[in-house]
Amino acid sequence: MNELRLPCGRETRKLVWVLFLGQVVSLLLALGSLASSLIADLGVDAPLSQSLFAYVLLAVVCGGIMLYRRQRLLVPWYWYLLLGFVDVQGNYLCK
């Protein structure tokens, strides 16, 4: 009988890790959506505050990784700030 042998090299482990992290991000987004709907059911309308927490957490994690790796930004920092502001305002206006 021929057995199915999966390659278990460095590339495969890296791919599995990336897929796992994608699933974690998806789970966190689903939990955030659930929390947002529960908060809205309680009568609290604060979409800006809910989005702000996600962006601050994202900035701390990604900023920490970039500082640890000593990488430079590809575009000036104020473009990231402007895009974040526009996105938060878009979320605020749509809700």
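1. Of the 95 residues of the chain, 4% count as buried. The model is a predicted one, and the points below should be read as describing that prediction.

2. Followed along the sequence, the pattern of the chain is α-α-α.

3. The helix α1 has 32 residues. From its first C-alpha to its last, α1 reaches 47 Å, close to the 46 Å expected at 1.5 Å a residue. After α1 comes Gly 43, which has a positive phi, near 95 degrees.

4. Ala 46 is found in the loop between α1 and α2. With a relative accessible area of 22%, Ala 46 is partly exposed, because the class of partly exposed residues lies between the buried limit of under 20% and the exposed limit of over 50%. Ala 46 and Ser 36 are 10 residues apart in sequence, and their C-alpha atoms are 8.9 Å apart in space.

5. An unreviewed UniProt entry lists residues 15–40 and 52–68 under "transmembrane region". In the model, residues 15–40 are 100% helix and 0% strand, with 38 Å between the end C-alpha atoms. Residues 52–68 are likewise 100% helix and 0% strand, and the end C-alpha atoms of this span lie 24 Å apart.

6. The largest pocket holds about 990 Å³ of space. Its lining is made up of 23 residues, and those nearest the centre of the pocket are Val 25, Leu 28, Leu 29, Ala 54 and Leu 57. By class, the lining of the largest pocket has 16 nonpolar, 5 polar and 2 charged residues.

7. The second largest pocket holds about 580 Å³ of space. It is lined by 19 residues, and Tyr 55, Leu 58, Ala 59, Tyr 80 and Leu 81 are the closest to its centre. Here the elements that give two or more residues are α2 and α3 (77–94). The largest share of the lining, 9 residues, is from α2. Of the residues lining the second largest pocket, 15 are nonpolar, 4 are polar and none is charged.

8. There are 3 aromatic pairs in the structure. In one of them, the ring centres of Trp 77 and Tyr 78 are 5.9 Å apart and the ring planes stand at 80 degrees, so this pair is edge-to-face; the cut-off for that class is over 60 degrees. Trp 77, Tyr 78 and Trp 79 together form one aromatic cluster.

9. Tyr 78, at 46%, is partly exposed.

Conventions:
Residues are numbered from 1 along each chain as its sequence is written. This is a predicted model: local features need pLDDT of at least 70, side-chain atom pairs count only at pLDDT 80 or more; totals for chains, interfaces and linings use all residues. Side-chain values use heavy atoms; hydrogens and water are left out. Rings of Phe, Tyr and Trp (its six-membered ring) pair if their centres lie within 6.5 Å; planes under 30 degrees apart count as stacked, over 60 as edge-to-face and the rest as tilted. Buried means under 20% relative accessible area, exposed over 50%, partly exposed in between (1.4 Å probe, protein chains only). On a 1 Å grid over the protein atoms alone, a cavity is a set of points where a 1.4 Å probe fits but cannot get out, and a pocket is an open set with protein on both sides within 12 Å along at least five of seven lines; lining residues have an atom within 4 Å of a point. Grid points are joined across faces, edges and corners, and a volume is the space filled by probe spheres set on the points. Ala, Val, Leu, Ile, Met, Phe, Trp, Tyr, Cys and Pro count as nonpolar, Asp, Glu, Lys and Arg as charged, and the others, Gly among them, as polar. Helices (H or I, at least four residues) and strands (E, at least two) are DSSP runs, numbered from the N terminus. The expected span of a helix is 1.5 Å times one less than its number of residues. UniProt positions are given in the numbering used here, feature names are shortened, and annotations may be inferred rather than shown by experiment.
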